[in-house]
Amino acid sequence: MRKLKMTLLCSLFLITTAYAQKQFTLTSPNGRISTTINIGEKITYDITHDGQSVLSPSPISLMLSDGEVWGDNAKLSKSNKRSVNETILSPFYKKDKIQDTYNELKLTFKKQWGLEFRAYDDGIAYRFINQRKKPFNIQSEEVNYQFNDDAMATVPYVRPGKDGDYESQFMNSFENAYTTDRLSKLNKGRMMFLPLVVEVGNGKKICITESDLESYPGLYLTNANGNNSLTGKQAQYPKVTKQGGHNMLQMQVQQREHYIAKVNGPRTFPWRIALLSTTDKDLANSDMTYKLGAASRVADISWIKPGKVAWDWWNNWNIDGVDFVSGINNATYKYYIDFAAAHGIEYVILDEGWAVNLKADLMQVVKEIDIKELVDYGAKKNVGIILWAGFHAFNRDMENICKHYADIGVKGFKVDFMDRDDQEMVDFNYRAAETCAKHKLILDLHGTYKPAGMNRTYPNVLNFEGVHGLEQMKWSPAVDQMKYDVIIPFIRQVAGPMDYTQGAMRNAAKGNYYPCNSEPMSQGTRCHQLAMYVILESPFNMLCDAPSNYMREPESLDFIANIPTVWDESITLDGKIGEYIVTARRHGNTWYVGGMTNWDARDIEVDLSFLKEKGKTVTLFKDGINAHRSGRDYKKENIKLNDKDKVKIHLAPGGGFAMKIE
């Protein structure tokens, strides 16, 4: 009898377990990618491509501060599927419109929370949804990517902090070169920020990133277990902060709460993206991060003017051939304004130094600067003024600062030294974007994390740093910048635009580069620098070098000054991560094509068969015959395409090319 009772209980348990288990499959519109979501003791999802498993079942969950776990033994209430095919208008982006086509699965659970999955032709994304009106806190989020084997990965580690001490790593500038190694060989004590890429077999790669990151901490990944998985890590909410850091412009976290996020009511959480490619150029072509960003909250965008900006800081205000002492003074900035006006450059920036140092007060201006005079001088010449601002100085009096400087005619701010992405700092970025939009100010978020869809939500935020850009060449002799330059279009740029600040006129061939603060140089050739204005996405694009140097290089200056910064169409024609890239972009009826290589010289054939009309004229900048010895050596030539679809070009070590087709 007892045995019969045990058998009945076991049978009942099995029936109950089988009933509780739910499985859903979601497939991409082209049928090549699918994910299977299992709901049981845990919620897991996987990814397959053309029948190949590229991500093993991976658990996901949210733990609330009261101990409740969204994802453990979840009770499904309902499920809904739908298919979407619509067009998104995308101003100030690398194309003017995007086709947004996906299949969607929404799962609603009995305790007022849900999950949403989307299957695109180039990847899978999911996010949690809260339906509760009562506030609560999230203690942690389980993000886990389980790979099938010990795959190769290309990752950016956070730079400062101690190995194993995650708290010391959360304060970082999101600027680092990439490391490529097997998952098991990755530094177990070092966090990696997003995006990053994992090779999953048969030439396929998965790029992991996030979008719609709002009022929530940014995601890092670690391989603390040393196995074939990457697991998520997020900063807890700041409890105590202290002013300090660079010129007292940062707020450094002294103590954190025991939760990562406050939730005040119904909301969605950030999208977790696994972008899948069969060729490297697919990664560079992706629009998934933009598509998954929240829709624009700026109704009138007519006042937002992207463009190029003459920049003072990189070249150390080092102009020559003038009859005044250059530096942070009105005479120098009027010279910059005159230069910008003469060459159709839309903006001049006043970088760090115009406000009194160590005061963190943007209303205290140094005596050598009269901002109103510069704004009025620029306005007469159709040149706008942008002001640099340290984080704490901007944050402490944001509304008054924006109103005051907008009222006198300033066009925008470049805000720097946030260097965190906990919920408090992410909230700051959105508040800054909203406040600037209210006062019709454009915004460049420097010293910050990846865009993560924010450039769609607030299109007045034209640029983001989060990149090991050219400023590093003032002091970083150890970094192979040429390899880095042909990695970021495939990885960092997947997240959105970046403030790389290219345009150096002093160009060092391999072995000739050295760090120099007052007269800085780039690694690689002149044409490598020109190509960046095509390849890198940057609606607010710097001319980093001194006006004096540009005016000595009229051909290069003419190309840079006249190239657009937003595009109607963009195509990555060819490329391989860490080796080379070729990108084409169209603005109106004019195409630009740019190519860059690492330190390996290479001969490439540029396929221009995408052009609809033949007989076009090509202006080509290519590496000179001695560019391998002198990085500044280049050749400009004009080519008539006629019936030719392909152009052969030699790239010197660290070289590049740029062409204009009209």
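**From annotated domains to a hairpin and a strand residue**

The UniProt annotation "domain: Glycosyl-hydrolase 97 catalytic", from an unreviewed entry, is listed for residues 313–467; UniProt positions follow the numbering used here, feature names are shortened, and annotations may be inferred rather than shown by experiment. This is a predicted model, in which local features need pLDDT of at least 70 and side-chain atom pairs count only at pLDDT 80 or more, while totals for chains, interfaces and linings use all residues. Residues are numbered from 1 along each chain as its sequence is written, and side-chain values use heavy atoms, with hydrogens and water left out.

Residues 313–467 are 37% helix and 15% strand, and the end C-alpha atoms of the span lie 17 Å apart. Helices (H or I, at least four residues) and strands (E, at least two) are DSSP runs, numbered from the N terminus. A further UniProt annotation from an unreviewed entry, "domain: Glycosyl-hydrolase 97 N-terminal", covers residues 26–292. That span is 5% helix and 53% strand, with 18 Å between its end C-alpha atoms.

Strand β19 (residues 238–244) pairs with strand β20 (residues 250–256) in the antiparallel sense over 6 bridges, where pairing requires that DSSP finds at least two bridges between two strands. P238 has R256 of β20 as its bridge partner. The hairpin has 5 residues between the strands, and G245 adopts a positive phi near 70°.

L76 belongs to strand β6 (residues 76–89). Contact denotes heavy atoms within 4.5 Å; leaving aside residues up to four places away in sequence, L76 touches K22, F24, I39, L107, T108, F109 and K110. The C-alpha atoms of L76 and K111 are separated by 9.1 Å, the two residues being 35 residues apart along the chain.
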